[in-house]
Amino acid sequence: MRVSARLFCMALLGGALALGTGAAAQANSLDYRFTLYLGGLRAAEVTFDAAWTPQAYEGRSLLRTVGLAKLLYSGFFRAEAAGPMAQDDFVPMRFEADSAFEDDRQRVEVAYKDGRPRVIAADPPFRPRPYAIAPEDQTGTLDPMAAALTLIRPEPKGAICNRTVDVFDGRRRIRLELGAPRKSHDGLRCTGTYTRVAGFSPKIMRQGADFPFTVVFRANEAGIAEVWQIFADTDFGRAVALREG
């Protein structure tokens, strides 16, 4: 089953893809740069930077189309988030996203209290939909930034992957799952699944609910694994997000 190219881009930023304990608690920041290729062509640049202490975290990410993709489908997706830490876990408190693809522009702000989405502001406002889900029913979910940090921040190579998070972006709920890592010629590979859970139209759900992807980690001399590459099959061919530097 193939995923749409736009879905892959959103997932990369929102938490499906691009970013425990141990060494992460010592070097508690990251600054990642990715180049996204679609069907072998350079399509977008992605930045992701975050910092956290035992008390709090904050992060921001930006995707913008480049090259021929910008001529065909110009746009960007920007996200920011912040919240407290609880026993080394990211606890959502504030999430903001701003996106524009051609004439489709959207800004969303989500505020949390006690781990539950409480306040949602959207500009333009979300249209009422029969399949819409109630934010107050999404207890236990993470915002996309907290989900990304939970899944792929630097970890000892024996502690990466093998976890599941539920994500709420203000309108939709998804589940992200990474299986146990396995050795490969290019590092440690974790096979993942992006699952549409709720808040999607019946037409979108008929296109499929589960979409596979793969995250490749590389361990340094200290045994700390960092994300290096993410790839998935899309309707435009294979999408590959390659970390630079």
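A search of the whole structure finds 18 salt bridges, a salt bridge being a side-chain nitrogen of Lys or Arg within 4 Å of a carboxyl oxygen of Asp or Glu. The structure is a predicted model, in which local features need pLDDT of at least 70 and side-chain atom pairs count only at pLDDT 80 or more, while totals for chains, interfaces and linings use all residues. Residues are numbered from 1 along each chain as its sequence is written, and side-chain values use heavy atoms, with hydrogens and water left out.

**Salt bridges**

Select Asp88 and Arg153, which form a salt bridge with the closest N and O atoms 3.0 Å apart. Asp88 lies in the loop between strand E4 (75-86) and E5, and Arg153 in the loop between H4 and strand E9 (155-156), so the pair ties together parts that are 65 residues apart in sequence. Helices (H or I, at least four residues) and strands (E, at least two) are DSSP runs, numbered from the N terminus. Arg153 counts as buried at 3% relative accessibility, whereas Asp88 counts as partly exposed at 24%. Buried means under 20% relative accessible area, exposed over 50%, and partly exposed in between (1.4 Å probe, protein chains only).

Next, select Asp169 and Arg172, whose salt bridge has its closest N and O atoms 2.9 Å apart. Asp169 is partly exposed at 23% relative accessibility, and Arg172 is partly exposed at 28%.

**Aromatic residues**

Rings of Phe, Tyr and Trp (its six-membered ring) pair if their centres lie within 6.5 Å; planes under 30 degrees apart count as stacked, over 60 as edge-to-face and the rest as tilted. By this rule the count comes to five aromatic pairs. Select Tyr32 and Phe34 to view an edge-to-face pair, 6.1 Å centre to centre with 90° between the planes. Tyr32 is buried, with a relative accessible area of 1%, and Phe34 is buried at 2%.

Move to Tyr57 and Phe90, an edge-to-face pair at 5.1 Å centre to centre, with 90° between the planes. This pair links distant parts of the chain: Tyr57 is in strand E3 (residues 56-65) and Phe90 in strand E5 (residues 89-90), 33 residues apart.

**The nonpolar core**

The largest nonpolar core has 54 residues, and those with the most contacts inside it include Phe48, Trp52 and Leu149. Such a core is a set of buried Ala, Val, Leu, Ile, Met, Phe, Trp, Tyr and Cys residues joined through side-chain atoms within 4.5 Å. Select helix H4 (residues 144-152), which gives the largest share of this core, seven residues.

**The surface**

Finally, select Leu41, Leu68, Leu71, Leu72 and Tyr73, a nonpolar patch on the surface with about 590 Å² of accessible area together. Patches are made of residues with over 30% relative accessible area and no salt bridge: like charges are joined within 9 Å, nonpolar side chains (Val, Leu, Ile, Met, Phe, Trp, Tyr) within 5 Å. Accessible areas come from the Shrake-Rupley method with a 1.4 Å probe; for residues, only the protein chains shown count as cover. Helix H3 (residues 67-72) gives the most to the patch, with three residues. Leu72, in helix H3, is exposed, with a relative accessible area of 72%.
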